[in-house]
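Student: I have a model open and want to go through its contacts. Can you take my questions as they come?

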Protein chains: 2
Amino acid sequence: MQASERATPRHAPMHQFPVEDGELRVGGIPLTRLAARVGQTPFYAYDRRLVTQRVEALRAALPEALKIHYAMKANPMPALVAHMAQQVDGIDVASGGELKVALDCGADPRDVSFAGPGKSEADLHRAVAAGVLINVESFREVAVLARIHAETGYAVRVAVRVNPDFELKSSGMKMGGGPKQFGVDAEQVPELLAGIGRAELDFEGFHLFAGAQNLKAEAIVEAQRKSYELALTLSESAPAPVRTLNLGGGFGIPYFPGEQPLDLAPVAANLGELSQRAGRDFPGAELVVELGRYLVGEAGLYVARVIDRKVSRGQVFLVTDGGLHHHLSASGNFGQVIRKNYPAAIGSRMASSERETATVVGPLCTPLDLLADRMELARAEPGDLVVIYQSGAYGFTASPQAFLGHPACVEVLV
Amino acid sequence: MQASERATPRHAPMHQFPVEDGELRVGGIPLTRLAARVGQTPFYAYDRRLVTQRVEALRAALPEALKIHYAMKANPMPALVAHMAQQVDGIDVASGGELKVALDCGADPRDVSFAGPGKSEADLHRAVAAGVLINVESFREVAVLARIHAETGYAVRVAVRVNPDFELKSSGMKMGGGPKQFGVDAEQVPELLAGIGRAELDFEGFHLFAGAQNLKAEAIVEAQRKSYELALTLSESAPAPVRTLNLGGGFGIPYFPGEQPLDLAPVAANLGELSQRAGRDFPGAELVVELGRYLVGEAGLYVARVIDRKVSRGQVFLVTDGGLHHHLSASGNFGQVIRKNYPAAIGSRMASSERETATVVGPLCTPLDLLADRMELARAEPGDLVVIYQSGAYGFTASPQAFLGHPACVEVLV
C-alpha cells in the first residue's frame, strides 16, 4: 500500500468550493449559472468570502501586532484590490501601474509600499508625489530620489530592500542570496544608508524578501530569523530609527501532486517571538509580512468550456475554449522545469461516478497548450465546464492573452 | 582549439542588421534614432526589407509552382500582415481574431486557410461567411459545418488536417504522430471524408503539419515525403479531387548557442521532386508550405533601455525597462526545458572594444525576468539600448504584457 501511495502522489484535496446538486459553487452560485451570468467562457472567478476567511485565519494565527500586507502583483484585479484594501494593513505595489490601481482602490498612501528593480524615473516621481514608501533597490535610485526631493521639496519615504547573504531554502523562487538584481547586497547597505542620510530622504526601515512559494515552515522560519538579525545589524548604520521591518512572505500553496499545505503554526510561533523582540529592539516599529499568492491563490478558479471531445489513438482529449493564453502557469510554461498538472475537475459534473483519464487542451495550434495531462476526471462532453483550482494568483495577468487572437478572458469577483 | 570550441558553443552570427557609426541599423535607421522616433522603449522593430528578402530567397530556392503561405500566428501585427499579404501566396489563420486581421489586411479569402483545434461555432460561422478554407480538425467540426451549410446555403470550403502516423524528428515542437489534439488521426480520415461528402461540403485537400522549429533538413525532407505519401493514400477516399496539399512548415531559425541555420538546399530539392510528382498525382492541385517563424523571426529585434547598472557580489546586472512581460520566450519561459540565451547585444555600442560579462534582467519582481544570463556584451550604462535578436516571431503576442502593470510595449515595422 505504502509503495503504491509513494508511486502516485496525489493533489491535496480541494474543498474550498462546496458542491451542491453535482456542481461546484463559487460565492454561493452554481458554476453553470455563474458562467451564464458572466456571459462567456473562459473566465476567472474569485470567491470574496474565501479571501476574507484566509485573512481572518491568518490574523487569528499570527501575533496581533503583526501587519499583513497584500502584494498585489499576485492578482491586481481592481475589485479584488479594493476588497483587500479593507482586509489588510497595507498594499505592496511593483510598478507605477499597480500604484495607480492601489490608490484608486482606496489604499491609504501611508500603507502602500513600492518595490521592484529598475524603477523608472517616471514611476519614482509618481511614488514620491503619492507619498508612498519606496523600497530602494540600488544606489542609482537614491541618487534619483535625492534629485526629486531637491526639485520638489516633497518628503521622500524610503526603506532599503536588502539582498541578504542567505537564501530561502526549498523556495519555489529564490529572490535573495548570492548575486541578485533585487535589493542592495547586505554588505553595501551601510554605504547606501549613509547616502540616504546625506540626501535627507526619510528613512523608515528595511525590506527583506528571500523567496516565494515555500511550503516548508522551517525554511520560512529560518529566513525570517536571519532577516530579522540582518536588519538588526544593519539598523546600527541607519540614519533614523527603524519604523517598519518587512520580512517578506514566501508562504506557498499546494499546486502539484504530493504537495501539502503549509503548516502555519511554527511560522506563527516564530513571528510571535520576533514580534516580542521587535518591541524591544525597534520600539514603535511595525513588523510586516507581505503575502500575495497565499492570500488569493486558493480563492480562484479558472473556468473553460469543453468545445470538442476527441479520441486520438485511444487517448481522450477535451478541447476547451481556454488554455495557455489565459493560464500560462497551469500549462506548465511559467517557471516550471518539469510540467505537472494543477488540480482540476469537471466543475459541472462533480457528482458523476463515470470517470475516465482525459487530457485537457486549449484551442491554440501548439502542443504547449495543455491544461491537464492524462488526468482522472469525470467523463465530460462538449458544453461541460472544466475548472482549474489554485488559480487566484499569477493567472490572468501572468498569461499571454493576445496570443493567437482568441477572445479575451474576463475576471469576476463573487 | 577544437576541444575549447566544443566546450563553449556560440550563437550563429547575427549579420542581418548592419552596423554604422557604432550602432545597429533597422530599416536603415540608427537604433537610437529609431527609439526616439518610436517615442518609448521597450519596443519590437521589424525590418520590412529583411522580410521581403527572405520571401525572395525562398522563391529563388524553391520550385516555382510551390505556394508559400504565411502562418500569421508567428506575428499578427497588422502592418506586417498587410506587407506579407503582398509577398506570399496565402495567409494561414488560427482564430476568428486572426481571420479578421488577415481580411482587413487585404488577403484574398480564396488564399486564406483557418486551422486550430476547438474552433468555436462563432468562428466557424465567420470562416464560412468569409469564404476561406477551413482545415477540419474533428468529426464535430464536420457536423457543425454541415449545419451551417444547411442553414445558410453558403459553400463550405474544407481541407482535412491529418494527424499523421509519424513524427517530425528533431523538431522543437511535435504536432503530429501519436495521440494528439491536432487534426484527425490518419486511420480515421476515410470515415471523416465520407462524412464531408455526405454533408456536401466542398472538399479541397489535405493539411499535414508534423512539427515546428526544425533545423535538420533531412528531418523536414522525411516528414514532407511521408506527408505526401499519406495524402496520396488518403486521397483515394476523398469525395472530390485534391486541389490543395499543405505540407506544413517546420523550418527553424537558430536561437541558441551551437544552433546553425537550416540548410535549405535538400529541402528545396525534395520539394522540387514532390512538386513534379504532384503534377501527375494531383493534376491542377497547389502544393503549399506554410511558414511563420522562418519568414519573420530573423527580421525582428526586441529593444529595451538600460535603467540601472548594478554590481551584486561581483556580477554585473543591467536592469532594463523590458523583460519577461514583453518577451517571454527570450526569458526562457515558453516551452524551453533548459533556459538558454537568445543572441543579444548592446545595440547602441556595437563598435565598443570594452567588453564584460553581464546579466540582463527586466523590472519585474521575479527571478524569471531574465533576458541574458552572464553573457559577453559591450560594457553598457543606463540609457544604452539592449537588443535581443531573432525576435520577429512569437514575441510580442506570446508574452504576458499585463504582468505587473508596466507600460505597454509597442511594435514598429520599418
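Student: How many residues does the contact take from chain A and from chain B?

Tutor: It takes 65 residues from chain A and 65 residues from chain B. Keep in mind that this is a predicted model.

Student: What area is buried between chain A and chain B?

Tutor: About 5,100 Å². Carbon and sulfur atoms give 60% of that area.

Student: Which three residues supply more than any other three of the area that chain A buries?

Tutor: Gln181(A), Arg313(A) and Cys365(A). Together they supply 15% of the area that chain A buries against chain B.

Student: What about charges? How many salt bridges does the rule find across the interface?

Tutor: Four between chain A and chain B. Asp308(A) and Arg140(B) meet through their side chains in a salt bridge, at 4.0 Å from N to O.

Student: And how many residue pairs are in polar contact between the two chains?

Tutor: The count is 34 residue pairs between chain A and chain B, with both residues at pLDDT 80 or more.

Student: Which element gives the most to the side of chain A that touches chain B?

Tutor: Strand E16(A), with five residues. Helix H5 (96–104) and strands E9 (157–163), E10 (171–174) and E17 (315–320) of chain A also supply at least two residues each.

Student: How does that side split by class?

Tutor: The side of chain A that touches chain B has 29 nonpolar, 21 polar and 15 charged residues.

Student: New topic: rings. How many aromatic pairs are there over all chains?

Tutor: A search of the whole structure finds 24. Take Phe403(A) and Tyr394(B): their ring centres are 6.1 Å apart.

Student: Why is that pair edge-to-face?

Tutor: Because the planes of Phe403(A) and Tyr394(B) are at 75 degrees, and over 60 counts as edge-to-face.

Student: Where do the two residues lie?

Tutor: Phe403(A) is in the loop between strands E21 (385–388) and E22 (410–413) of chain A. Tyr394(B) is in the loop between strands E21 (385–388) and E22 (410–413) of chain B, so the pair joins two chains.

Student: Are Phe403(A) and Tyr394(B) buried or exposed?

Tutor: Both Phe403(A) and Tyr394(B) are buried.

Student: What kind of pair do Tyr255(B) and Tyr342(B) make?

Tutor: A tilted one, because their planes are at 45 degrees, with the ring centres 4.9 Å apart. Tyr255(B) and Tyr342(B) are 87 residues apart in the chain. Tyr255(B) is buried at 5% relative accessible area, and Tyr342(B) is buried at 2%.

Student: Which residues do ring pairs link into a cluster?

Tutor: Tyr44(A), Tyr46(A), Tyr302(A) and Phe396(A).

Student: Back to charges. How many salt bridges does the structure hold over all chains?

Tutor: It holds 45. In one of them, Glu376(A) pairs with Arg355(A), with the closest N and O atoms 2.7 Å apart.

Student: Where do Glu376(A) and Arg355(A) sit in the chain?

Tutor: Glu376(A) is in strand E20 (residues 370–378) and Arg355(A) in strand E19 (residues 355–361), 21 residues apart. Glu376(A) is partly exposed, at 47% relative accessible area. Arg355(A) is partly exposed too, at 45%.

Student: Which partner does Asp373(A) meet in a salt bridge?

Tutor: Arg374(A), at 2.9 Å from N to O. Asp373(A) counts as partly exposed at 23% relative accessibility. Arg374(A) counts as exposed because its value is 53%, and the cut-off is over 50%.

How values were computed. Residues numbered from 1 in each chain as written. Chains lettered and ligands numbered in written order. Predicted model: local features only at pLDDT ≥ 70, side-chain atom pairs only at ≥ 80, totals over all residues. Heavy atoms only, no water. Contact = heavy atoms within 4.5 Å. Buried area = accessible area lost by both parts, 1.4 Å probe. Polar contact = N/O pair within 3.5 Å; in protein donor to acceptor, adjacent residues only side chain to side chain. Helix = DSSP H or I, 4+ residues; strand = E, 2+ residues; numbered from the N terminus. Nonpolar A, V, L, I, M, F, W, Y, C, P; charged D, E, K, R; others polar. Phe/Tyr/Trp six-rings, centres within 6.5 Å; stacked < 30°, edge-to-face > 60°. Buried < 20%, exposed > 50% of the residue type's maximum accessible area, 1.4 Å probe, protein only.
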